[in-house]
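Please look at the sequence and the model below before reading on. The briefing then goes through a pocket, a ligand and a few backbone features.

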Amino acid sequence: MTVAPEVLAGRHVLLVVSGGIAAYKSANLARALLRAGASVQALLTAAAGKFVGPATFEGLTGRHVPLDVFSDTGQVPHIHLAREADVAVFAPTTANLIAKLAVGIADDLVTSTALMLDCPIVVAPAMHTEMWRHAATQANVATLRRRGVRIVGPDDGPLAAGDVGEGRLAEESAIVDAVRAAVGPSDSPLAGRRVIVSAGGTREPIDPVRFVGNRSSGKMGYALAREAARRGGRVDLVAAPNHLDDPVGVRVHHVETAEQMRSVIVSLVDDADVVMKAAAVADFRPAQYSDRKIKKDSGDLAQIKLVENPDILAELGARKAGRVLVGFAAETDLAEDHGREKLRRKGLDLIVVNRVDMADAGFSVDTNRAVLIRADGGRREVPLTTKDRLAGVVCDEVEELLAQR
Ligand code: PMT
């Protein structure tokens with residue numbers, strides 16, 4: 001089922017606020033961008049700090065707002081801030097900042113970051129009518145336009161000091177639309193597709209204290225969810241217990257047991273185009289749950305009876321309805337043989353076979369190595385890399401499979 005994708009989902013927006021009375025509106029703009037699924041990094045000029053404080057933006061975005069080039073000894077802020085941005089929006093932008101952007105002055109954190117930017121830029125000017133209409137400002141705006149910067153506004157309306165005229169900050173919705181247009185629609189076959197990702201290790205409770213579980217941290221599944229969202233997918237992440245932050249722009253369903261994971265996935269799957277199951281689902285659960293802590297000396301712990309959990313992926317494979325099914329296989333030996341067997345038995349299109357007996361792959365670490373095996377015979381080896389990059393390779397394969405449908 002294809003639905004209009006939110007192009008800002010999973011995108012990282014740099015929001016630069018400069019010193020004008022309209023700076024107070026930037027807090028709402030940050031909110032609107034977050035609602036659209038973007039992550040937002042705010043940056044304030046010194047003058048903006050006289051109108052609104054960094055704490056406002058830190059509270060809204062959950063991200064520290066650095067105030068000067070030397071504020072962080074661990075990183076070089078202007079380089080880092082510019083490189084992580086998918087799009088930058090300057091709102092409000094004063095005549096002074098427009099002039100600096102046009103000329104290329106880099107005398108503080110905002111302007112140094114601006115000079116580093118290699119992403120689409122949106123500028124929303126706000127100033128008094130005379131300043132906006134001044135030949136110098138108009139020439140600077142023309143320079144920015146020639147360089148591909150999108151200018152949104154200014155509007156006509158009430159200004160500072162009781163004046164009315166051209167120079168008012170554009171409406172929030174117009175600025176968000178300009179940011180969307182600057183990012184552009186995703187041309188990925190995943191754009192607008194419904195994607196289910198599972199992550200983490202299920203926990204099967206024995207009593208209020210103990211459970212049967214495994215070592216999955218959720219990192220691989222979360223990386224997949226982020227990547228699919230970044231490509232425009234509408235992602236439902238079904239997450240077994242973990243310590244990770246919910247990815248922005250992704251609908252997260254927190255579950256504990258295999259049965260809970262199954263019931264959420266089954267409720268979503270009819271609308272899904274892609275399912276990627278990186279979760280480590282416990283194969284067995286205790287036959288009985290004790291709602292009282294089992295005493296060590298009762299003897300009951302030494303003979304816990306287990307029953308088999310439903311195989312969620314095999315169930316989806318039996319009722320595929322044209323969707324792309326991706327499984328993961330956590331193996332220690334004869335990895336590819338076991339992977340191929342699971343690919344066939346569970347009716348998958350692709351299986352990602354990863355080793356869980358190496359220090360730099362599998363459970364918990366940020367890196368992985370894998371062999372991707374397709375039902376159509378394709379095989380692709382991914383040597384040691386980050387889980388984020390492996391997620392990119394898996395999504396590339398899924399895109400190919402979708403394009404063949
Ligand atoms: O979470 P991390 O710390 O980042 O670690 C990542 C990982 C090692 C957990 C991940 O990369 C991985 O290999 N996940 C699958 C682990 C696993 O359960 O493998 P399996 O071979 O037991 O199962 C094969 C496939 O069937 C998996 O996609 C699994 O989600 C699915 N399955 C298994 C059992 C079951 N009852 N229902 C299922 O759907």
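What volume does the largest pocket have? The largest pocket has a volume of about 840 Å³, and the ligand sits in this pocket. This is a predicted model, in which local features need pLDDT of at least 70 and side-chain atom pairs count only at pLDDT 80 or more, while totals for chains, interfaces and linings use all residues. Residues are numbered from 1 along each chain as its sequence is written, and side-chain values use heavy atoms, with hydrogens and water left out.

**The largest pocket**

- A pocket is an open set of points on a 1 Å grid over the protein atoms alone, where a 1.4 Å probe fits and protein lies on both sides within 12 Å along at least five of seven lines.
- Its volume is the space filled by probe spheres set on the points, which are joined across faces, edges and corners.
- The lining (residues with an atom within 4 Å of a point) consists of 39 residues, and A279, A280, V281, F328 and A330 lie nearest the pocket centre.
- Two or more lining residues come from each of helix 10, helix 12, strand 16, helix 13 (335-345) and strand 17 (350-355); helices (H or I, at least four residues) and strands (E, at least two) are DSSP runs numbered from the N terminus.
- Strand 16 gives the most to this lining, with four residues.
- By class, the lining has 18 nonpolar, twelve polar and nine charged residues; Ala, Val, Leu, Ile, Met, Phe, Trp, Tyr, Cys and Pro count as nonpolar, Asp, Glu, Lys and Arg as charged, and the others, Gly among them, as polar.

**The ligand and its shell**

- The ligand is surrounded by 27 residues (a heavy atom within 4 Å), and the closest are S216, S217, K342, N354 and S364.
- Strand 16 supplies the largest share of this shell, four residues.
- The shell is made up of 13 nonpolar, seven polar and seven charged residues.
- Polar backbone atoms lie at 2.6 Å from a ligand oxygen atom in S364 and at 3.5 Å from a ligand oxygen atom in A330.
- In K219, a backbone N or O atom is 3.3 Å from an oxygen atom of the ligand.
- Of the 760 Å² of accessible area that the ligand has on its own, the protein covers 96% (Shrake-Rupley method, 1.4 Å probe).

**Backbone features**

- The peptide bond from A91 to P92 is cis, with omega near -10 degrees, and P92 belongs to strand 3 (residues 87-93).
- G153 and P154 are also joined by a cis peptide bond, with omega about 5 degrees; P154 is in the loop between strand 5 (150-151) and strand 6 (155-158).
- A161 is not a glycine, yet has a positive phi of about 60 degrees; A161 lies in the loop between strand 6 and strand 7 (164-168).

Methods. A polar contact is a pair of N or O atoms within 3.5 Å; within protein, one must be able to donate a hydrogen and the other to accept it, and residues adjacent in sequence count only if both atoms are side-chain atoms. A molecule sits in a cavity or pocket if more than half of its atoms lie within 2 Å of its grid points.
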